[in-house]
Structure formats: structure tokens, C-alpha cells
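Me: Please take a close look at one part of this model, a sheet and what surrounds it. I would like a connected account that also places this part within the chain as a whole.

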Amino acid sequence: MPALRRVLETIRADSCPYSFNFHMHTAHSDGQLQPKDLIEQAIAIGLKGLAITDHHSVSGYRIAQQYLDDWKWRSSSLRSTSSNTCQSVPYLWTGVEINADLLGIEVHILGYAFDPAHPCLQLYLQHRAVQGNAYQAANVITAIQKAGGLAVLAHPARYRRSPIDLIQAAAHLGIDGIETYYAYNNPNPWKPSPSQTEQVQKLATHHQLLSTCGTDTHGLNLLQRL
């Protein structure tokens, strides 16, 4: 986690989608890309780091990590027999997106760099939203952090309540960061929405929270949301 924290401290509006991407989905939740295809795109784009954030699941991450490990091994073998420069290898962090109740509305909380085998998280990795006390944002945040990860409020300007209220409440619960750089209207090419970004940036600074960026890809192109 310290390594990811250091990366997030450097994130800016232009970090995504060509250097880092911390919000994307595969066919293991509500996305269209297979994990292998997602990793191939990430390599082709030249990403330095990424996280697959399937809803309530890390099965896509596990397949992607295995494919990436195999790709690194193949690349290493090629380097030993060829003078050609191989493509850089992105770093893949664990990731997940979890539904939770915050101030009486449903929000999404992103988890990063956690131990996917930690007992505290197993309830949230069953491919479905939870109910009852576990559904409360405070408990989701705590579970992610107990598993060694960072908890981040996803797209804070997409909900039925002001991001001012939501970010303040999330900060009070000890959340680590917010998804500051997000394309709310799915522009092409992808870029963070100016007005929402400015507001969320100020709130992140005020509450001393980390900022993340991500395309929230659900389609077949990591450079777009849909």
C-alpha cells in the first residue's frame, strides 16, 4: 500500500488514461473486456499502473494478474535472445468496487492494494452487494483498510446528494481518498469534467484526501467509459 499511496500523491488531471487508470471493469462484473484483453490494451497504451475494479469480485483481477505474470516471463525470455526493446510492464494493483450506504443513499467505494484473501473482505467479494450492517459505508471502509488497502469514494458528483456532503461524511469515516478526475459526460477523447474536477479537487485538499483517476471503462476501449 505505501507504494500506491506514493503514486496517488502524484496523480494529476492528465495522469489518466495514458499513465494510470484506477477504475475499469471486465466481463467478470458489468464490463465487456476479458481480463486478458484488458491487460493487452494496458500494455499497448503504455500504462504505468492500473487497477481492475469489478463490482464485488476479484476473479477478473486474478486472471489478469496471471496473464500479466506470464507476459512478463515471455518478455524476459525475448530480451535474453533479442536486442529489441520490449514494451514496459504496467503494475497491476488489486481493486474492487463495493456498493455502500452513505448518508442514506447508495454510493460506490473503491478498494485498492488490499489482500484479496483477507477474512474481512470475503463478504464483499461474492459477486453481489451486501445488506444490513455490512452495507454501511463505515464498515466497507474499515474492511478495506483492515485488509491492508486504501478506500476511495468513486465519482462523488454522480450521486443524488451533494459531493460536499458526501465527501465530508466519507472523510469523517476515515476514507483515504476520492476519485477526483472523472469524465462525467463520457467525452471523446476522455478527459476529466472541468467543473466537477475543480470542486472535488478543492474538497480533497480541504479534507486532506488522496485523489485518484479512472475511466470507469465498461466497454471495449480503456480510453473511454462506455
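Reply: The account below begins with the whole chain, then turns to the sheet and its surroundings.

The model is predicted, so local features are described only at pLDDT of at least 70 and side-chain atom pairs only at pLDDT 80 or more, whereas totals for chains, interfaces and linings use all residues. Residues are numbered from 1 along each chain as its sequence is written, and side-chain values use heavy atoms, without hydrogens or water.

The protein contains 6 helices and 8 strands. These elements are DSSP runs numbered from the N terminus: helices are H or I runs of at least four residues, and strands are E runs of at least two. Their order from the N terminus is α-β-α-β-α-β-β-β-α-β-α-β-α-β. The radius of gyration is 17 Å, close to the 17 Å that the globule rule gives for 226 residues, so the protein is as compact as a globular protein of that length. That radius is taken over C-alpha atoms, and the rule is 2.2 Å times the number of residues to the power 0.38. Along the principal axes, the C-alpha atoms fill a box of roughly 60 × 40 × 30 Å.

Of the 226 residues, 53% are buried. Here buried means under 20% relative accessible area, exposed means over 50%, and partly exposed lies in between, with a 1.4 Å probe and protein chains only. A contact requires heavy atoms within 4.5 Å. Among contacts between residues at least 6 apart in sequence, 73% join residues at least 24 apart.

The part in question is an open sheet of 5 strands, ordered β4-β5-β6-β7-β8, with mixed pairing. Its edge strands are β4 (95-102) and β8 (210-213), each of which pairs on one side only. Neighbouring strands are turned by 40 degrees against each other on average, direction ignored. For such angles, axes are lines fitted to C-alpha atoms, for helices over the stretch in contact, and the values run from 0 to 180 degrees between N-to-C directions. Strands of a sheet pair through backbone hydrogen bonds, either parallel or antiparallel. Two strands are taken to pair if DSSP finds at least two bridges between them.

Strand β6 shows both senses of pairing. With β5 it runs antiparallel, joined by 4 bridges, and L110 has V152 of β6 as its bridge partner. With β7 (residues 177-181), strand β6 (residues 150-153) pairs in the parallel sense over 2 bridges. There V152 stands opposite G177, and L153 has I178 as its bridge partner. From β6, L150 and V152 point one way and A151 and L153 the other way; all are buried.

Helix α4 (residues 137-146) lies across β4, β5 (105-112) and β6, and it runs at about 155 degrees to β4. Helix α6 (residues 194-206) lies across β7 and β8, running at about 150 degrees to β7.

Y181 is buried, with a relative accessible area of 4%. Not counting residues up to four places away in sequence, Y181 touches residues including I11, R12, A13, W190 and P192, as well as T197, Q201, S211, T212, C213 and G214. The side chains of Y181 and Q201 are joined by a polar contact of 2.9 Å. A polar contact is a pair of N or O atoms within 3.5 Å; within protein, one must be able to donate a hydrogen and the other to accept it, and residues adjacent in sequence count only if both atoms are side-chain atoms. The C-alpha atoms of Y181 and T215 are separated by 8.8 Å, although these residues are 34 apart along the chain.

The loop between β7 and α6 holds S193. S193 counts as buried at 6% relative accessibility. A polar atom of the S193 side chain lies 2.8 Å from the backbone nitrogen of Y184. Leaving aside neighbours within four places in sequence, S193 is in contact with Y182, A183, Y184 and N185.

The protein also has a second open sheet, of 3 strands in the order β1-β2-β3, with parallel pairing. The edge strands of this sheet are β1 (20-21) and β3 (91-93), each pairing on one side only. Strand β2 (residues 49-51) is joined to β3 by 3 bridges, and A51 stands opposite W93.
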